[in-house]
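Please consult the sequence and the structure below while reading.

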Amino acid sequence: DVDRAEMWFNQLDVIEERGKDGVNGGEAKESEGNNRSKQIARTRMYNYVIRSCRNAARRERADMKYIKCADKWFSRMQSDPSVEPDQYTFTELINVYGLSLSPERAQDMLQLMKKSGLKPDIVTYTSVINAWAKSNSIEQMIRCFEEMEDYELEPNVRTYTIILNALKESNLPDLKLRAEKVFLDMKTRNVKANVVTYNVMLRIYRNAKDFDMAKRTLVEMLESQIHPDNYTIEAINKIPDLENIRKALMNEMRMTLKGKAPHRFERDTSYAPYARKHKLGVGKRNRKQRRRKAEETILDEVLGDRRNKPS
């Protein structure tokens, strides 16, 4: 991808050089609007090459050659008088450093972005937090999160999930208390958790052997109409009170693969010919109805008689 992006960029340079050769000795007059359009196009091409470095770094973690590649194109971009790095440029560079386990350079790039007059947004700060999280630098990650709040930026579900996952992977003695504090702060800000967030919390409670809180978290997840996945099944594994629920979820997945229950595996290419052969419903409405019925069954098994009692 990186080689292809570089090839396209070099071809763009050749096309622009040819376009400068006018009839009157190369004195081609261009309007201000055309110059602005070319500047935007060149900036996007630089960003595309840097994004290709990020995609390659995602496939091959901790590989310094993609950092060198991104640095080369960023230096070339800085020396190009016709373009200026934008917010997207700095965010992609931070992602490259984070995937290559160089959080210090990601933090330096954030400072350089501020010095250049650009204001970081929540996506940029989340990328820096992710860079510290991948290196298990919990204190620096929390410090970056607090700095983000000083800019009055509202964290999103991805920001919280990255922090919770980093706490789960750490060996801190108080990681459960810290995770609960972060999760409570997330609810206070009315940020809706997704299935990944709940799966992380379930694993934290399972590792801490707090099975009662794990059960409450699963009930809260199902009552919020957030659909469990295969990571949910793995997260509640070896929890005594939830063994029957885990088996029920596994049965629902097996039924899904046979075309009789809803799950994300319905997007599998093997489902479509099976559905056509057995004349099964594949519509969006049918999937929602079957999914909700499965979750209602699981909730009944978790809560028992308490569901029918008024709160």
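## Overall composition

The protein contains 15 helices and 0 strands, where helices (H or I, at least four residues) and strands (E, at least two) are DSSP runs numbered from the N terminus. This is a predicted model, in which local features need pLDDT of at least 70 and side-chain atom pairs count only at pLDDT 80 or more, whereas totals for chains, interfaces and linings use all residues. Residues are numbered from 1 along each chain as its sequence is written, and side-chain values use heavy atoms, with hydrogens and water left out.

Of the 311 residues, 42% count as buried; buried means under 20% relative accessible area, exposed over 50%, and partly exposed in between (1.4 Å probe, protein chains only). The accessible surface is about 18200 Å², and carbon and sulfur atoms account for 49% of that surface (Shrake-Rupley method, 1.4 Å probe). Among contacts (heavy atoms within 4.5 Å) between residues at least 6 apart in sequence, 65% join residues at least 24 apart.

## Packing of α3 against α4

Helix α3 (residues 64-79) and helix α4 (residues 87-99) pack at an angle of about 160 degrees, and their axes lie 9 Å apart. Axes are lines fitted to C-alpha atoms, for helices over the stretch in contact, and angles run from 0 to 180 degrees between N-to-C directions. The two helices are therefore roughly antiparallel, a term for angles over 145 degrees. The crossing of α3 past α4 is left-handed, that is, the near helix is turned anticlockwise from the far one by less than a right angle.

On the α3 side, the contact involves Tyr-66, Ile-67, Ala-70, Asp-71, Phe-74 and Met-77; their partners in α4 are Thr-89, Phe-90, Leu-93, Val-96 and Tyr-97. By class, this contact comprises 9 nonpolar, 1 polar and 1 charged residues (Ala, Val, Leu, Ile, Met, Phe, Trp, Tyr, Cys and Pro count as nonpolar, Asp, Glu, Lys and Arg as charged, and the others, Gly among them, as polar).

## Phe-74 within α3

Phe-74 belongs to helix α3 and is buried, with 6% relative accessibility. Beyond its neighbours within four places in sequence, Phe-74 contacts Pro-85, Thr-89, Phe-90, Leu-93, Met-109 and Leu-112. The C-alpha atoms of Phe-74 and Ile-50 are 7.8 Å apart, although 24 residues separate the pair along the chain.

## Asp-210 in a loop

Asp-210 lies in the loop between α10 (195-207) and α11 (211-223). Its relative accessible area is 17%, so Asp-210 counts as buried. With residues up to four places away in sequence set aside, Asp-210 touches Lys-176 and Tyr-205.

Key:
Parallel < 35°, antiparallel > 145°, perpendicular 65-115°, else oblique.
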